[in-house]
Amino acid sequence: MNLTVLAASGQTGIALTRQALRRGHTVTAIARDPKRIALPDSPNLRKVAGDVNDAAGIAAVVDGDSVVLSALGTDRAGTLLTGARAVVAAGPRRVIWLGAYGTGQSAEVAGEAAGMLAKVLGDRLADKVAADNTVLAAGGTVFHAGMLTDGLESPRRRTVGLEAAPPLDLAAKVSRETVAAAMLDEAEAPGFPGAVALPLAE
């Protein structure tokens with residue numbers, strides 16, 4: 001498949017790109033500074049400079065054959081929605097977006113901890129929810145992950161829908177490698193189009 005990884009220089013973006021190449025896909029890895037995509041050159045890897053604030057630049061890289069996997073994260077409100085709109089407007093075949101468990105559609109099933117998370121996120125919460133909704137409305141899949149950590153892919157990992165979501169435990173962790181694997185599974189065999197999915201370590 002032709003996969004496009006957004007925010008490919010971050011830790012989750014690196015995991016997505018590395019695993020996608022390992023699975024035999026062709027990857028266009030987008031980052032503001034492609035030199036920070038810390039992976040060796042490969043015939044199946046194209047490193048491209050791109051910024052979600054430049055919708056024309058995103059559209060120049062993403063086309064109707066692209067499956068976009070986004071690891072975009074930010075400390076500044078507004079960036080996620082801008083990015084979601086830019087990606088959707090570019091017209092890819094599918095979008096698989098990384099969000100946060102306990103926000104938007106998963107807030108109710110997450111339980112009491114969702115309220116604590118909302119306080120931490122502050123004005124970024126509305127941005128996250130709006131970005132998620134933009135992707136979902138376009139038929140994309142949004143992965144609501146718990147607290148991310150380094151570490152190996154969980155051998156007991158699984159992906160569930162909101163109907164099977166456990167309460168949010170802010171002390172529980174899920175590795176970026178586990179999340180990346182779940183997102184790539186979805187790219188290869190769509191199970192949650194237009195829906196929120198949860199990548200769980202076990």
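Q: Contact means heavy atoms within 4.5 Å, so which residues of helix α3 meet which residues of α6?
A: Thr 79, Leu 80, Leu 81, Ala 84, Arg 85 and Val 88 of α3 meet Asp 127, Lys 128, Ala 130, Ala 131, Thr 134 and Val 135 of α6. Their residues divide into 7 nonpolar, 2 polar and 3 charged; here Ala, Val, Leu, Ile, Met, Phe, Trp, Tyr, Cys and Pro count as nonpolar, Asp, Glu, Lys and Arg as charged, and the others, Gly among them, as polar. Please keep in mind that this is a predicted model, where local features need pLDDT of at least 70 and side-chain atom pairs pLDDT 80 or more, while totals for chains, interfaces and linings use all residues. Residues are numbered from 1 along each chain as its sequence is written, and side-chain values use heavy atoms, leaving out hydrogens and water.

Q: How is the direction of α3 described relative to α6, and why?
A: Their axes come within 7 Å and cross at roughly 10°. Axes are lines fitted to C-alpha atoms, for helices over the stretch in contact, with angles from 0 to 180 degrees between N-to-C directions. Under 35 degrees counts as roughly parallel, over 145 as roughly antiparallel, 65 to 115 as roughly perpendicular and the rest as oblique, so α3 is roughly parallel to α6.

Q: Why are β3 and β8 said to stand at the edges of the sheet?
A: The open sheet has 8 strands in the order β3-β2-β1-β4-β5-β6-β10-β8, with mixed pairing. β3 (45–49) and β8 (158–161) each have a single partner strand, so one side of each is left without a neighbour in the sheet.

Q: How do you know that β4 and β5 pair?
A: Pairing needs at least two bridges found by DSSP, and 4 bridges join β4 to β5, which run parallel. In one of these, Leu 69 has Ile 96 in β5 as its partner.

Q: Is Ala 29 buried or exposed, and why?
A: Buried means under 20% relative accessible area, exposed over 50%, partly exposed in between (1.4 Å probe, protein chains only). Ala 29 has 0% relative accessibility, so Ala 29 counts as buried. This residue lies in strand β2 (residues 26–31), and among the residues Ala 29 touches are Val 5, Ile 37 and Leu 45.

Q: What makes β5 a mostly covered strand?
A: 7 of its 7 residues are buried. Arg 94, Ile 96, Leu 98 and Ala 100 lie on one side, and Val 95, Trp 97 and Gly 99 on the other.

Methods:
Helices (H or I, at least four residues) and strands (E, at least two) are DSSP runs, numbered from the N terminus. Contact means heavy atoms within 4.5 Å. Lists of a residue's contacts leave out its neighbours within four places in sequence.
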